[in-house]
Amino acid sequence: MPRGEMIANRRVLFVMAVEDEYGPHLKARFDPLMVGVGPVEAALGTGLALQRLERDGALPDLVVSLGSAGSRVCTLGEVYQVSSVSWRDMDASRLGFAKGVTPFADHPVEMPLQMPLELRGARLSTGANIVGGEDYAAIDADMVDMETFAVVRACQRFGVPVMGLRGISDGPGELADMLGWTQLLALLDERLAQAVDALAEAL
C-alpha cells in the first residue's frame, strides 16, 4: 500500500480513482492510493488506508485528491485547484436539513480545502452520477467529480488536511460515451504533473 511521497519534508499521499487517469507523467512522480469510482468506494478505500497508516505511525501530512472532472464553466483541458467541495447526492431537506448536509453529522454544505498553489480555484461537487448537458444547471458548483467529498470526510476522521487538483475532461455538452471522458486524459496527465511539481515550492 502506498505510504506517500516526501515533498518539502512532508509526507504527501496522492489519492486517485482509476488507472485511466494515471498516465506516464504522473507515474514518474508518485505512487497513488487507488480508491475506485464513486463516493462509497472512495470513502472505504481512503478510510481503510488511513487506518492502516495510523496503526503504523505513518499518517500523511497532506492528502492530494486528484484526477479528472466535468464542467460547463471551466476550461476543457485546464487544471484547477479545488477551493471547496460539496456532496450533491445528500438531500434530507424534507427533515429540515440543508441540502448537501448529512443528518446529525458535523459538516457544512461546502467544505473548504487547502489551496497552497498559485492555480485558479474552483468549487467542486461530488456525487454518484455522471453529469452532462443540462444536468449541470441543477448543481451549485463549478465542476463535478465522484470522489473528493468522500476522500475529505475520511481524512477528517484522522485529522489529515486535503487539497484537490482536477483537470477538466468533459463538458459543457452531453457526455455520451467513454471516449468523451478519456480523450483529454493524456493532456491532463501532463498538466496535473506540472501542478504536482509546483507542490514542493508551495509547501
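**Exercise 1. Is Gln114 buried, exposed or partly exposed, and why?**

Solution. Start with the cut-offs: buried means under 20% relative accessible area, exposed over 50%, and partly exposed in between (1.4 Å probe, protein chains only). Gln114 has 41% relative accessibility, so Gln114 counts as partly exposed. This is a predicted model, in which local features need pLDDT of at least 70, side-chain atom pairs count only at pLDDT 80 or more, and totals for chains, interfaces and linings use all residues. Residues are numbered from 1 along each chain as its sequence is written, and side-chain values use heavy atoms, with hydrogens and water left out.

**Exercise 2. Place Gln114 in the fold and list what Gln114 is in contact with.**

Solution. First, the element. Gln114 sits in the loop between β6 (111-112) and β7 (121-126). Helices (H or I, at least four residues) and strands (E, at least two) are DSSP runs, numbered from the N terminus. Next, the contacts, meaning heavy atoms within 4.5 Å. Leaving aside neighbours within four places in sequence, Gln114 touches Leu62, Gln81, Val82, Pro161, Val162 and Met163. Last, a distance. Val64 is 50 residues from Gln114 in sequence, yet their C-alpha atoms are 9.4 Å apart.

**Exercise 3. Describe the largest nonpolar core and find which element gives the most to this core.**

Solution. A nonpolar core is a set of buried Ala, Val, Leu, Ile, Met, Phe, Trp, Tyr and Cys residues joined through side-chain atoms within 4.5 Å. The largest has 28 residues. Leu13, Val15, Val63, Val85, Met143 and Cys155 have the most contacts inside it. At least two residues each come from β2 (10-16), α2 (39-55), β4 (62-70), β5 (79-87), β7, α3 (148-157) and β9 (162-170). With 5 residues, α3 gives the most. A second, separate core has 19 residues, including Phe30, Leu66, Leu117 and Ala195.

Now take Val85. Beyond neighbours within four places in sequence, the contacts of Val85 include Val109, Met111, Leu124, Phe149 and Val152.

**Exercise 4. Why does the radius of gyration of the chain agree with a compact globule?**

Solution. The radius is taken over C-alpha atoms, and the globule rule is 2.2 Å times the number of residues to the power 0.38. For 203 residues, a compact globule would have a radius of gyration near 17 Å; the chain has 16 Å, so the two agree. Then the burial: 49% of the 203 residues count as buried. Finish with the elements: the chain has 6 helices and 9 strands.
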